[in-house]
Amino acid sequence: MSSDPRDLESDILAAFDDAVIRISKEGLLTFVNHKFCVLFGGAASDWIGQRAPIDVATAQNADYYDVCYERLDETLWLSWQITPLNHTSSAAFQAVGRDITRRKNHEDSLAAQKDQAEEENDAKSLFLATISHEIRTPMNGVLGIAELLLDSDLTPVQRTYVNIIKESGDNLLGVINDVLDYSRIEAGKVSLDEEPFDLSMLVHNVVELLSTRAFENDLDLAAYIDPACPSTLVGDEGRLRQVLINLINNGLKFTHQGGVSLSITCCDRDSHDNVQLRFAVRDTGIGIPEDAQAKIFDEFTQADDSHARRYEGSGLGLAICRKIVDAFGGEIGVDSVPNLGSTFWFTIPFKSQQLAQPSLPVNDLVGLKALVVSPSAITRDILAAQLRQPSMLVVTATCTDDAMLQLNAEEGTPFTTLIIDMLLGEEDAFALNRAFTAHTKGRQARSLILLRPGDRSLLEEGRSEAFD
């Protein structure tokens, strides 16, 4: 073995598993090791004095300098790292090149697979959108004929069968609509409108639309809008309505006692009329286990398989909500405790056109005292929150006996308003109203009745005179 340090250094570099070269100030090779010759071919003597296979100026300005070399039978990728040498060396730079061909090929393969997957996903979305549309058209025909049959003379057994057809058809149509809508969103074919709309009217329409379903299941449904929220917003009213309907429907589906409430509050507002609103849909239903909350907004997902079997649905409703909220530039989430209910919330930025104006003459209500009577905690809380905004004094009661105790123990400001939820029952409601009328005799007072969908017959029967 040579004792010359330069020979020893050459032996070490020759054993490197990376290509090692040295380059003069003129960019010419002054040294190449064995690995370089294996990768590029030829002997070391063939390369000395040849132009270096890298751009020194570019390589100096990068931590790593990846270069692709096209050869007859393959493509070679080397990642070069260059180091300046001291003035005692005959070369100005040393460069070490690592073979990264396998890594690059793997990256290219992954990129190609990603592109292919995206193309296949787009094709899938387009197919689902097309087939869902084609299925929905005849399904509407089936439902239309079922409704006509229900309006005809049928035996009780026949009516039962047709009702099953219609109910099953409605459920199937809901699944089809979810798939169609999700497919359109996935395919990027849905854009958000920017039009002014009335927030309170939107909420009123949503609650009215879903109130019948809530009533049929003996559930409460109520909504509250903080007066700090603007009355007119600029955005996509239809898409916001879709999210609210999906979330409220979801709450009604998984709730057996109690009900669902919607509350809207203003999180943030700037000097340019930009606001961020927080929508919260709270239910008193079955709740969601903590380990399932992270995936509840994924496609075709319910909290667990038993829910999927018990509760009908496509598993797309919450996924659609997430995608729409994302398109708005907002955020969506859920807070839930098993058996104690869930709160699905989302925030969305809007541009407002004007500040909310209370629909009631606020100055006339300040200092007045109201008694709210309802067995429903949701109804009591919502009404109390609404009445307290104009600085009314509010007392709540759960039943007729509780309300009578409040009236008889009246202290300070006298009661001026009675709000009765007909959930109390017709006889109790009328009896309580008569007692309130007698209690407030000689002073200005009023009674209001809170009707539910099934109570509207009272007006037709002329029973509303009890609340004149």
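How many bridges join β1 to strand β2, and do the two run parallel or antiparallel? Three bridges join them, and the strands run antiparallel. Before the close-ups, a quick word on the model: it is predicted, so local features need pLDDT of at least 70 and side-chain atom pairs count only at pLDDT 80 or more, while totals for chains, interfaces and linings use all residues. Residues are numbered from 1 along each chain as its sequence is written, and side-chain values use heavy atoms, with hydrogens and water left out.

**View 1. The hairpin of β1 and β2.** Strand β2 covers residues 29-32, and β1 covers residues 19-23. Strands here are DSSP runs of E with at least two residues, helices are runs of H or I with at least four, and both are numbered from the N terminus. Two strands pair if DSSP finds at least two bridges between them. Look across the pair and you'll find Arg 22 opposite Phe 31 of β2. Five residues sit between the strands, and in this hairpin Gly 27 takes a positive phi near 85 degrees.

**View 2. Strands β3 and β4, joined by a hairpin.** Here four residues make the link from β3 to β4. Strand β4 spans residues 75-84, and six bridges hold it to β3 in an antiparallel arrangement. On β3, the covered face has Tyr 65, Val 67 and Tyr 69, while the uncovered face has Asp 66, Cys 68 and Glu 70.

**View 3. A salt bridge between Arg 98 and Asp 18.** A salt bridge means a side-chain nitrogen of Lys or Arg within 4 Å of a carboxyl oxygen of Asp or Glu. By this rule, the count comes to nine salt bridges. In the one shown here, the N to O distance is 2.9 Å. Arg 98 belongs to strand β5 (residues 93-99) and Asp 18 to the loop between α1 (5-14) and β1, so the pair ties together parts that are 80 residues apart in sequence. Is Asp 18 buried or exposed? Asp 18 counts as buried because its relative accessibility is 14%, whereas Arg 98 is exposed at 51%. (Buried means under 20% relative accessible area, exposed means over 50%, and partly exposed is in between, using a 1.4 Å probe and protein chains only.)

**View 4. A salt-bridge network around Arg 103.** Start with Asp 66 and Arg 103, whose side chains meet in a salt bridge of 3.8 Å, N to O. Asp 66 is part of strand β3 (residues 65-70) and Arg 103 is part of helix α5, so this contact ties together parts that are 37 residues apart in sequence. Now follow Arg 103 to Glu 107: they form a salt bridge too, with the closest N and O atoms 3.5 Å apart. Both of these residues are in helix α5, four residues apart, or about one turn of the helix. Through shared partners, salt bridges join Asp 66, Arg 103, Lys 104 and Glu 107 into one network. Asp 66 is partly exposed at 31%, Arg 103 at 42% and Glu 107 at 38%.

**View 5. Two patches on the surface.** Asp 115, Glu 119, Glu 120 and Asp 122 form a negative patch. Phe 127, Ile 131 and Ile 135 make up a nonpolar one, with about 270 Å² of accessible area together. Patch residues have over 30% relative accessible area and no salt bridge; like charges are joined within 9 Å, and nonpolar side chains (Val, Leu, Ile, Met, Phe, Trp, Tyr) within 5 Å. Asp 115 is partly exposed at 42%, and Ile 135 is partly exposed at 39%.

**View 6. Positive phi at Asp 218 and Asn 339.** Most residues other than glycine have a negative phi. Asp 218, however, has a positive phi near 55 degrees, and Asn 339 has one of about 70 degrees. Asp 218 sits in the loop between α7 (199-216) and β7 (220-225), while Asn 339 sits in the loop between β11 (331-337) and β12 (341-354). Asp 218 is exposed at 68%, and Asn 339 is exposed at 66%.

Conventions
Accessible areas come from the Shrake-Rupley method with a 1.4 Å probe; for residues, only the protein chains shown count as cover. Lys and Arg count as positive and Asp and Glu as negative; His and the chain ends are not counted. The place of a charge is taken as NZ of Lys, CZ of Arg, CG of Asp or CD of Glu.
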